[in-house]
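Hello,

Here is the structure I promised to pass on to you. My notes on it follow below, and I hope they are a handy start.

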Amino acid sequence: MSYHVLVSYIRDMDRNQPTEGESLMIHLADAWLTVEKLLNGRLSAIAGISVAEYRLLRAISLSPQGRASRVALAGEVGLTPSAVTRALTPLETRGIVATTRSERDARQALAGITDSAIELLTTATSVVQETMADIVEGLSFSTTDLGELTAFLDGVTSAAGRPPR
C-alpha cells in the first residue's frame with residue numbers, strides 16, 4: 001500500500017463517526033495518558049520515580065512478605081517479565097528493590113522492597129493521592145458517581161479478560 005493510499009484511507013476513517021466502543025477506547029486512552037503525564041511529572045519531581053515504577057513498588061509491597069516474582073509483577077502491572085526486569089534494574093541500583101532467590105525454587109528470583117522503598121512509597125502514595133484528589137475535585141462527581149465510574153472501569157477490565165482489582 002502506498003503512502004498516499006494509506007493517508008487517503010486514514011482521512012476517510014476520520015470522516016466516519018467512531019463506534020461507541022472505539023470512542024470509549026479513545027477516551028479511556030486519552031484520559032490515562034493525560035493523568036499518567038501529570039503523575040509522572042509530580043512523582044519524578046518529588047519522589048524521583050515514574051508511574052510505572054510506582055505501580056511496581058506498590059505491587060511488590062502488597063505481595064506476600066513484600067516479595068514477588070517478575071512473572072507475578074508482570075501480570076499485576078501489565079508488562080512483560082522482561083520489561084519488569086528492565087524497570088526494576090534502576091530501582092535495584094538505587095537500593096529501593098533487592099533481588100533474592102525463592103526458598104522453594106532457587107531458579108526463581110523475587111523482587112523485594114527495602115526499608116528505603118517503604119519511605120519512598122509512602123511519599124509517592126501521598127503524591128498520587130493528592131494528584132488524584134486535585135483531578136477529582138475539578139469534576140462535578142459525587143462519591144456515588146465515582147463509585148459507579150470505578151465499577152464501570154472494573155467491568156471494562158473484566159470484559160477485556162483481566163480480573164478487576
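A residue is called buried here if its relative accessible area is under 20%, exposed if over 50%, and partly exposed in between (1.4 Å probe, protein chains only). By that rule, 25% of the 165 residues of the protein chain are buried.

Two words on the source. This is a predicted model, in which local features need pLDDT of at least 70 and side-chain atom pairs count only at pLDDT 80 or more, while totals for chains, interfaces and linings use all residues. Residues are numbered from 1 along each chain as its sequence is written, and side-chain values use heavy atoms, with hydrogens and water left out.

The protein chain has 7 helices and 3 strands (DSSP runs numbered from the N terminus: H or I of at least four residues for helices, E of at least two for strands). From the N terminus, their order is α-α-α-β-α-α-β-β-α-α. Taking contact as heavy atoms within 4.5 Å, 53% of the contacts between residues at least 6 apart in sequence join residues at least 24 apart.

I looked at one pair of residues in detail. Thr 99 sits in strand β2 (residues 97–101), and Arg 70 belongs to helix α4 (residues 70–77). Their side chains are joined by a polar contact of 3.3 Å (a pair of N or O atoms within 3.5 Å, where within protein one must be able to donate a hydrogen and the other to accept it, and residues adjacent in sequence count only if both atoms are side-chain atoms). Arg 70 is buried because its relative accessible area is 13%, whereas Thr 99, at 35%, counts as partly exposed. Neighbours within four places in sequence aside, Thr 99 touches Arg 70, Glu 92, Ala 109 and Leu 110. With the same exclusion, the contacts of Arg 70 include Pro 81, Val 84, Leu 88 and Glu 92.

The other thing to look at is a helix pair. Helix α3 (residues 51–62) and helix α6 (residues 115–137) pack at about 120°, with axes 11 Å apart (axes are lines fitted to C-alpha atoms, for helices over the stretch in contact, and angles run from 0 to 180 degrees between N-to-C directions). The two are therefore oblique to each other; angles under 35 degrees count as roughly parallel, over 145 as roughly antiparallel, 65 to 115 as roughly perpendicular and the rest as oblique. On the α3 side, the contact is made by Tyr 54, Leu 57, Arg 58 and Ser 61, and α6 brings Leu 120, Leu 121, Ala 124, Thr 125 and Val 128.

Best wishes
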